[in-house]
Amino acid sequence: MQTKEKLILPKMGCGTWAWGNRLLWGYDESMDNELQNVFNLCVANGVTLFDTGDSYGTGKLNGRSEMLLGQFSQVYTGANQENICIATKLAAYPWRWGRQAIISAGEASAQRLGKNVDLVQMHWSTANYLPWQEWGLLDGLAGLYEQGKVKGVGLSNYGPERLMKVYERLRDRHIPITTLQVQYSLLSTYPVTELGVKEICDDLGIKLIAYSPLALGILTGKYSENGSVPQGIRGFLFKQILPGVRPLLSCLEAVAKSRNKTMSQVAINWCICKGTIPIPGAKNLAQAEQNIGALGWELDAGEVAELDNAAASTDKKMVQNIFQTK
């Protein structure tokens, strides 16, 4: 079997769920120039992993995130260009059955990107509702790897039991699982503290990617129960959660002040200290610059413990992804 090109994964990536999403994030095509600048700034500063999905983009903008990443990566020239890693997640849609459906989906993503996908991931497991659908989809992921169309294979929203089953099946075909992606933040410790995915990943040599490390923005400190909240679905969710997370936000703010950092930077750095690769999103240069400020330093053990305790004693948690398996 030919030697596969190894993926280079940085300490932090950039999530691109908002790039094309009008419903939740208010995307508009007029943002594209700034998003190109966000991409350039991230790569120049070593944030070379960009996480996307073939389902990202609202309505007719479906696939928009992949298209933008393809355009941006093709015109970028500068530092770390050779380390750019585009990771896409292929949706386990109910109408996608069998190996060929996923191979075709991977090829469609590559077409939107204008290049092969670097890291292909199963967006979610169907184990909770259609377990028999999943093996055909995973066979398709394996096929993309075996055909040399991707450099690595990853999973998203898988718990330890399901992860082990998939790991063993792919291992028999000499296909390593490179990454596992779960919702992980100070407001969503469940996958690590209760499911124990980090220990399993460490044992198997899988890197854990933390999506929503800022809990959709709650951990930025920009929002408060008596102040402004985002419009729409996020605002509704924030109103439910914010009253129960005051102690955690106070702790986060105190650590941020003592470090001369922002609350966002501390929340992201906490994820890095936990041995994960956080992928905060960025819709503009200010957000990208703030995220980059989480790099180049580390919280000490005492600060991490303080934040751990505040997170554990918080009344409210982030809603877990309905597709997250055990």
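Student: Which residue forms a salt bridge with E134?

Tutor: R162 does, with the closest N and O atoms 2.6 Å apart. A salt bridge here is a side-chain nitrogen of Lys or Arg within 4 Å of a carboxyl oxygen of Asp or Glu. The pair links distant parts of the chain: E134 sits in helix 5 and R162 in helix 6, 28 residues apart. Helices (H or I, at least four residues) and strands (E, at least two) are DSSP runs, numbered from the N terminus.

Student: What kind of model is this, and how are residues numbered?

Tutor: It is a predicted model, where local features need pLDDT of at least 70 and side-chain atom pairs count only at pLDDT 80 or more, while totals for chains, interfaces and linings use all residues. Residues are numbered from 1 along each chain as its sequence is written, and side-chain values use heavy atoms, leaving out hydrogens and water.

Student: Back to that pair. Is E134 buried or exposed?

Tutor: E134 is buried, at 1% relative accessible area. R162 counts as buried too, at 12%. Buried means under 20% relative accessible area, exposed means over 50%, and partly exposed is in between (1.4 Å probe, protein chains only).

Student: At what angle do helix 5 and helix 6 pack?

Tutor: About 45°, with their axes 11 Å apart. That makes helix 5 oblique to helix 6. The cut-offs: under 35 degrees is roughly parallel, over 145 roughly antiparallel, 65 to 115 roughly perpendicular, and the rest oblique. Axes are lines fitted to C-alpha atoms, for helices over the stretch in contact, and angles run from 0 to 180 degrees between N-to-C directions.

Student: Which residues of the two helices meet?

Tutor: From helix 5, P131, E134, W135, L138 and A142. From helix 6, R162, K165, V166, R169 and L170. Contact means heavy atoms within 4.5 Å. By class, this contact has six nonpolar, no polar and four charged residues. Ala, Val, Leu, Ile, Met, Phe, Trp, Tyr, Cys and Pro count as nonpolar, Asp, Glu, Lys and Arg as charged, and the others, Gly among them, as polar.

Student: How many salt bridges are there in the whole structure?

Tutor: A search finds 15. One of them joins D139 and R99, with the closest N and O atoms 3.4 Å apart. D139 lies in helix 5 and R99 in helix 4, so the pair ties together parts that are 40 residues apart in sequence. D139 is partly exposed at 24%, and R99 is partly exposed at 30%.

Student: Which residues are in a network with D139?

Tutor: R99, E146 and R173 are linked with D139 in a network of salt bridges.

Student: What about K115, what does that bridge to?

Tutor: K115 pairs with D118, the closest N and O atoms being 3.0 Å apart. K115 is partly exposed at 30%, whereas D118 counts as buried at 4%.

Student: New topic. How do helix 11 and helix 13 pack?

Tutor: At an angle of about 105°, with their axes 11 Å apart. They are therefore roughly perpendicular to each other. V266, W270 and C273 in helix 11 meet V304, L307 and D308 in helix 13. Those residues divide into five nonpolar, no polar and one charged.

Student: Last one. Where is L90 found?

Tutor: In strand 3, residues 85-90. L90 counts as buried, at 0% relative accessibility. Not counting residues up to four places away in sequence, L90 touches several residues, including D54, I102, M122 and L144. L90 and M122 are 32 residues apart in sequence and 5.4 Å apart in space, C-alpha to C-alpha.
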